[in-house]
Amino acid sequence: MTTIADVLARYPLPESDSARLDIELLLSYVLECDGVYLRAWPEKSVSETQLQQFQLLYQRRKLGEPIAHLLGTRAFWSLDLSVTPDTLIPRPDTEILIEHALSLDLPESSKVLDLGTGTGAIALSLAAERKNWEVLATDRFPKILDLAKQNAQKNNLASVKFLKSAWFNEITETGFNLIVSNPPYIDASDPHLSLGDVRFEPLSALVAGNQGLADIEEIISESKGYLINGGWLVLEHGYQQAKSVRQLFSESGYQHIKTIQDYGGQDRVSCGQIITEKACD
């Protein structure tokens with residue numbers, strides 16, 4: 001008889017930084033339980049069928065396939081998001097963008113635009129926290145947009161609207177109080193593209209031209225025509241891009257430009273505000 005304790009002891013993942021957690025997540029998925037159950041009942045048996053299912057997942061993880069793809073879900077903010085290999089896997093660092101967006105002094109009934117929504121992580125997290133915000137999420141790929149819609153339904157966030165659009169191409173609305181985005185920002189020659197989970201993620205969601213700044217530059221430039229006076233643009237970017245991104249904000253006339261660091265102390269999110277009204281004499 002194979003027990004939970006046996007499985008946890010026999011299947012190491014030496015290449016993983018979170019080996020024990022990875023194994024617990026895979027076994028919990030197979031046994032349809034949580035980590036608390038695993039620790040409380042280590043003597044419980046694992047059937048042959050369950051063990052075989054676990055071993056298949058274990059081998060895929062050993063080859064580097066992301067846990068989120070194996071399980072089909074990822075926890076982000078307060079949400080449970082379905083994920084597929086067609087989208088980026090939501091990461092904790094993106095929660096920095098959520099935190100900062102929520103800290104801005106915005107009207108209770110703000111209009112918000114999320115560009116390149118992917119799984120819907122940013123749009124849905126903001127909608128979950130601000131029930132009166134009118135949130136529009138866009139993506140250029142219909143298949144990905146369908147996934148974001150499914151995540152909205154899964155998390156009971158039916159108020160979020162979705163639109164197929166490549167950045168601003170199909171957006172006819174203006175007057176947004178807040179625009180947010182986690183666009184592609186990795187240079188095509190970056191060696192990190194051959195490491196870790198990103199090997200299994202779509203290059204279209206990762207790579208941008210002009211040393212990773214092409215999409216960021218377009219969003220910063222175009223957002224001015226869609227934000228109200230006093231509106232904010234908040235963007236995620238690479239840890240080494242903060243200075244360049246702030247310069248792009250400045251060149252486009254934004255004010256109150258700043259960069260926020262992620263949980264690892266790396267520059268990760270930058271923002272700027274559009275102020276068009278002149279002060280009275």
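A residue counts as buried here when its relative accessible area is under 20%, as exposed when over 50%, and as partly exposed in between (1.4 Å probe, protein chains only). Contact means heavy atoms within 4.5 Å. Helices (H or I, at least four residues) and strands (E, at least two) are DSSP runs, numbered from the N terminus.

What you see above is a predicted model, in which local features need pLDDT of at least 70 and side-chain atom pairs count only at pLDDT 80 or more, while totals for chains, interfaces and linings use all residues. Residues are numbered from 1 along each chain as its sequence is written, and side-chain values use heavy atoms, with hydrogens and water left out.

Let us start with the whole chain. Its secondary structure comes to 11 helices and 11 strands, and the C-alpha trace spans about 85 × 40 × 30 Å along its principal axes. Of the 281 residues, 49% are buried. Among the contacts with a separation of 6 or more, 66% join residues 24 or more positions apart.

Apart from neighbours within four places in sequence, Thr3 touches Pro42, Glu43, Lys44, Ser45 and Val46.

The buried residues of α2 are Asp22, Ile23, Glu24, Leu26, Leu27, Ser28, Val30 and Leu31. What lies over them? The cover includes α1 (4-10), α3 (35-40), β2 (45-46), α4 (48-62) and α5 (67-71). Just after α2, Glu32 takes a positive phi of about 55 degrees.

Finally, look at a pair of helices. The axes of α6 (residues 95-103) and α7 (residues 121-129) come within 10 Å and cross at roughly 40 degrees; axes are lines fitted to C-alpha atoms, for helices over the stretch in contact, and angles run from 0 to 180 degrees between N-to-C directions. The two helices are therefore oblique to each other, the class left after roughly parallel (under 35 degrees), roughly antiparallel (over 145) and roughly perpendicular (65 to 115). Leu97, Ile98, Ala101 and Leu102 of α6 meet Ile122, Ser125, Leu126 and Glu129 of α7.
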